[in-house]
Amino acid sequence: MKTFILSVILFFFSESLAAQVLVGGGGEANPDLKTNVQALKNWQALRFGLFIHWGPVTLRGTEIGWSRGREVPIEEYDNLYKEFNPVLFNAKEWVAAAKAAGMKYLIITSKHHDGFCLWDSKYTDYDIMSSPFKRDVLKELAEECKRQDILFGTYYSILDWHHPDYTTRHGGDPRPVGQSDMNRYIVYLKNQIRELIEIYHTNILWFDGEWEDSWDHEKGMDLYRYARGLRDDILINNRVDKGRKDMQGMTLSQKFAGDFGTPEQRVGAFEIERPWESCITICRQWAWKPNDRMKSLRECIQTLAKTAGGGGNLLLNVSPMLDGRIEQRQIDRLRGMGEWLKKNGESIYGTQGGPFKPTDWMVSTRKGNQIFIHLFNWPGKELVLPELSGCQILSARLMGGREMKIMHRNGQIAIQLPPDPVDENDTVIVLKLDKESATIPPLNVTENIIRDLVSCRRRQLAT
Ligand code: FHN
């Protein structure tokens with residue numbers, strides 16, 4: 001039954017989405033290689049994923065990659081793997097934590113900027129099998145994701161400050177680059193991408209580290225074509241190429257390769273024609289840091305609602321510890337999000353953003369003939385919204401609750417609210433329409449209301 005419901009959601013979502021999506025693909029060198037739209041729609045309908053940044057650097061509690069040659073001397077950093085033995089790592093527990101959060105996909109740093117590989121790679125010994133742990137983390141995680149019906153994806157850093165052939169050094173690395181050879185490095189990189197696709201069956205290639213001069217537009221488009229040649233329905237983010245507009249994350253133009261935009265540490269701007277996913281940390285650091293500040297449940301729930309309301313996915317990052325466990329407080333925070341999603345998931349999964357554009361106190365999502373209003377602050381006795389031209393609001397009810405009275409006045413609708421919110425973090429109101437919601441053009445809420453209130457006042461004064 002669950003599969004049937006999901007397929008119905010995907011059908012309605014795909015029909016509404018098909019008309020809107022400006023698809024990406026392989027960039028100007030690959031004009032005929034477009035994003036696999038079915039894979040994209042399926043992924044967009046999932047809306048919420050778990051990001052995991054993990055590696056031997058957890059032994060020092062500093063930032064993965066970036067602390068190499070800074071807080072941790074290079075020689076020390078590059079030998080941490082010899083101590084790395086996360087005996088409490090349990091893929092079943094990690095994936096169960098994602099499911100309890102209501103997450104539908106999982107992306108782990110298979111190789112970050114420090115070059116260390118969390119899988120048994122044939123192309124390097126700088127990997128998990130050379131550590132005392134000697135277990136293939138990616139294999140165990142990929143298999144558990146399959147068992148628990150969580151889509152498995154892999155982060156892979158194009159830049160590699162450890163690999164001798166990569167031609168940009170970092171952190172005061174004294175090694176000369178004269179003997180380094182990017183062509184040799186690209187063979188290594190492609191061999192590893194093939195492993196991730198053919199052996200670990202990754203569904204998403206989440207590239208990163210495209211910004212250094214060692215990488216360029218041609219290399220990016222070539223890598224996109226190579227990966228799609230190995231698996232047509234794989235999704236590849238826009239950091240495979242050089243087209244990402246800073247941390248806003250969207251792709252500058254379709255001349256650049258990539259299937260979706262990647263705003264970072266922020267909710268992406270309202271955008272329902274081009275696919276995007278915000279990657280945001282649950283704490284402050286990407287990798288585990290002792291006593292790092294963690295986001296409140298309110299902030300986490302509202303971040304999820306705001307990304308969906310903007311038309312995007314949320315990839316929320318957790319940072320497992322050196323012993324292989326995810327901190328209990330992070331597990332608890334994820335579970336709190338899952339409890340909210342159990343009651344309100346219909347307003348997130350399979351939805352599109354809008355039609356009411358986000359404000360600081362509300363966002364809206366839509367699916368089929370329903371619009372979901374997410375209220376972060378309680379507007380008082382009534383919720384006033386602009387009338388929707390060309391369609392009628394048949395009813396308004398609290399998610400899982402009672403219907404509320406709707407009044408129509410001065411081109412607005414006023415929904416009579418209960419005195420208090422159902423959920424302090426995000427109370428969802430469900431509007432039922434007399435037509436499909438997908439065709440309603442996005443509209444602003446506040447400006448309309450202020451303009452109408454002003455014009456209404458002028459009419460009152462004129463009488
Ligand atoms: O440098 C990385 C950082 O460590 C982290 O992996 C983020 C996640 O998207 N990406 C880069 C910073 O933009």
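Asp-208 sits in strand β4, residues 204-208. Strands here are DSSP runs of E with at least two residues, helices are runs of H or I with at least four residues, and both are numbered from the N terminus. The model is a predicted one: local features need pLDDT of at least 70, side-chain atom pairs count only at pLDDT 80 or more, and totals for chains, interfaces and linings use all residues. Residues are numbered from 1 along each chain as its sequence is written, and side-chain values use heavy atoms, with hydrogens and water left out.

Asp-208 is buried, at a relative accessible area of 8%. Buried means under 20% relative accessible area, exposed means over 50%, and partly exposed lies in between, with a 1.4 Å probe and protein chains only. Which residues does Asp-208 touch, leaving aside its neighbours within four places in sequence? The contacts are His-113, Tyr-155, Tyr-156, Ser-157, Ile-158, Leu-159, Arg-239 and Arg-244. Contact means heavy atoms within 4.5 Å. With Arg-239, the side chain of Asp-208 makes a polar contact of 2.9 Å. A polar contact is a pair of N or O atoms within 3.5 Å; within protein, one must be able to donate a hydrogen and the other to accept it, and residues adjacent in sequence count only if both atoms are side-chain atoms. Thr-262 is 54 residues from Asp-208 in sequence, yet the C-alpha atoms are 9.9 Å apart.

Now the ligand. Of the 13 residues around it, Asp-208 is among those that come nearest, together with His-53, Trp-66, His-113 and Glu-264. A residue counts as near if one of its heavy atoms lies within 4 Å. For Glu-264 the distance is 2.8 Å. For His-112 it is 2.9 Å. For Arg-239 it is 3.3 Å. Taken alone the ligand exposes 330 Å², and the protein buries 94% of that. These areas come from the Shrake-Rupley method with a 1.4 Å probe; for residues, only the protein chains shown count as cover.

At the N-terminal end, Asp-136 is the cap: a side-chain oxygen lies 3.3 Å from the backbone nitrogen of Leu-138. Just after α5, Asp-149 takes a positive phi of about 60 degrees.

Asn-291 is not a glycine, yet its phi is positive, about 60 degrees. Asn-291 lies between β6 (277-281) and α8 (297-310), and is exposed at 73%. Asn-410 has a positive phi near 50 degrees. Its loop joins β14 (406-409) and β15 (412-416), and Asn-410 is partly exposed at 42%. The peptide bond from Gly-354 to Pro-355 is cis, with omega near 10 degrees. Pro-355 is in the loop between β8 (352-353) and β9 (362-367).

Last, the cysteines. How many disulfides are there? The count is zero, with a disulfide taken as a pair of cysteine sulfur atoms within 2.5 Å. For Cys-279, the nearest cysteine sulfur is that of Cys-300, 15 Å away. Cys-279 is buried, at 0% relative accessible area.
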